[in-house]
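Please open the model in your viewer and keep the selection tool at hand.

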Amino acid sequence: MEWYLPELLNSMNQAQDFYFDSVSQIVLDRWYENRVALMGDACQSVSLIAGQGSALAMAGAYILAGELKTHGDNYQKAFETYQNKMLPEIRRKQEMAKDFANSFIPDTKISLWFRNKISKLITKPLFSKFFIKRFMSDSLQLEDY
Ligand SMILES: Cc1cc2nc3c(=O)[nH]c(=O)nc-3n(C[C@H](O)[C@H](O)[C@H](O)COP(=O)(O)OP(=O)(O)OC[C@H]3O[C@@H](n4cnc5c(N)ncnc54)[C@H](O)[C@@H]3O)c2cc1C
C-alpha cells in the first residue's frame, strides 16, 4: 500500500466530501429466538462488495411476511421457514463477496489499474449482461403468498 499513500493523502486533503468506513458482514447461524426474528443487515449483511443488501433485505422481509401469513399463529415455523429459504443464498453471496474483495479494493498498482479497466467495461451491454448474470443473480424464489 505504500505506493498508494501519498496519492491517497493528497486526495483526502483536497476532498470536499470524503467517505471512509470499514466493510463488514454479519454471519449468523440462527436468525430468530423466541418471538423475535431479525431481518436485513442485522442477520444477512453481505456487505457493499456484494451489493444487493437492500434488495436482499426487501426479499427477506417479503418472505418473512409471507411465511407469517402462511403459518398463522405458528410463528416459530414461519421464522424457521424464512431462515431456511434465505440462508443458503445469503451464504453464497457472502462467500462471493469475500472472494471479490481483493479485486474490489485492490492493494497493488496493477490490480488497481485492472479494476478500473473492468469498471469501465461494466458499462458495455455485453459485458454487463455477463457480469449481472455471474455476480448479481440469485436463486431466491418469491412465491405469491
Ligand atoms: C457504501 C455502501 C454502499 C451500498 N450499496 C448498495 C447498493 O448499491 N445496493 C444495495 O442493494 N445495497 C447496498 N448497500 C447495502 C445496503 O445499504 C444495506 O444492505 C441496507 O441498507 C440494509 O437495510 P437495513 O434496513 O437492514 O439496515 P439499515 O439500512 O442499516 O437500517 C437500520 C436503521 O436502524 C437504525 N438504528 C440502529 N440502531 C438503532 C437503535 N438502537 N434504535 C433505533 N434505530 C436504530 C439505523 O440508524 C438505521 O437507520 C450498500 C451499503 C453501503 C455501506
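Begin by selecting Tyr 82, which is found in helix 4; helices here are DSSP runs of H or I with at least four residues, strands are runs of E with at least two, and both are numbered from the N terminus. The model is a predicted one, in which local features need pLDDT of at least 70 and side-chain atom pairs count only at pLDDT 80 or more, while totals for chains, interfaces and linings use all residues. Residues are numbered from 1 along each chain as its sequence is written.

Is Tyr 82 buried or exposed? Tyr 82 counts as buried because it has 24 C-beta neighbours inside 10 Å; a residue is called buried if 20 or more other C-beta atoms lie within 10 Å of its own, exposed if 12 or fewer, and partly exposed in between, with C-beta atoms placed from the backbone. Now display the residues that Tyr 82 touches, leaving out those up to four places away in sequence: Ala 37, Ile 63, Leu 64 and Glu 67. Contact means that the C-beta atoms of two residues, placed from the backbone, lie within 7 Å. If you also draw a C-alpha to C-alpha distance from Tyr 82 to Trp 31, it reads 9.1 Å, although the two are 51 residues apart in sequence.

Next, move to Glu 67, which is found in helix 3 and which counts as buried, with 23 C-beta neighbours inside 10 Å. Beyond its neighbours within four places in sequence, Glu 67 is in contact with Ala 78, Thr 81 and Tyr 82. For another distance, select Tyr 19, which lies 48 residues from Glu 67 in sequence and 38 Å from it in space, C-alpha to C-alpha.

Now select the whole of helix 3. Its 19 residues should span 27 Å at 1.5 Å a residue, and the end C-alpha atoms are 26 Å apart, which agrees; the expected span is 1.5 Å times one less than the number of residues. Colour its buried residues, which are Leu 56, Ala 59, Gly 60, Ile 63, Leu 64 and Glu 67. Looking down the axis of helix 3, you will find that these buried residues fall within an arc of 135°, so they line one face of the helix; the arc is that of the directions from the helix axis to the C-beta atoms. An α-helix has 3.6 residues a turn, so residues three or four places apart point the same way. What covers the buried residues includes strand 2 (36–37), helix 2 and helix 4 (75–104), whereas the face turned away from the buried side carries the exposed residues Ser 54, Ala 55 and Lys 69. Just after helix 3, stop at Gly 72, which takes a positive phi of about 55°.

Turn now to the ligand and select the residues that surround it: Gly 40, Asp 41, Ala 42, Leu 48, Gly 51, Gln 52, Gly 53, Ser 54, Ala 55 and Ala 57; the criterion is a C-beta atom, placed from the backbone, within 6 Å of the molecule. Two or more residues of this shell come from each of helix 2 (41–44) and helix 3 (53–71), and helix 3 gives the largest share, four residues.

Finally, zoom out to the chain, which has six helices and two strands and follows the pattern α-β-β-α-α-α-α-α along the sequence. Its C-alpha atoms fill a box of roughly 60 × 35 × 25 Å along the principal axes.
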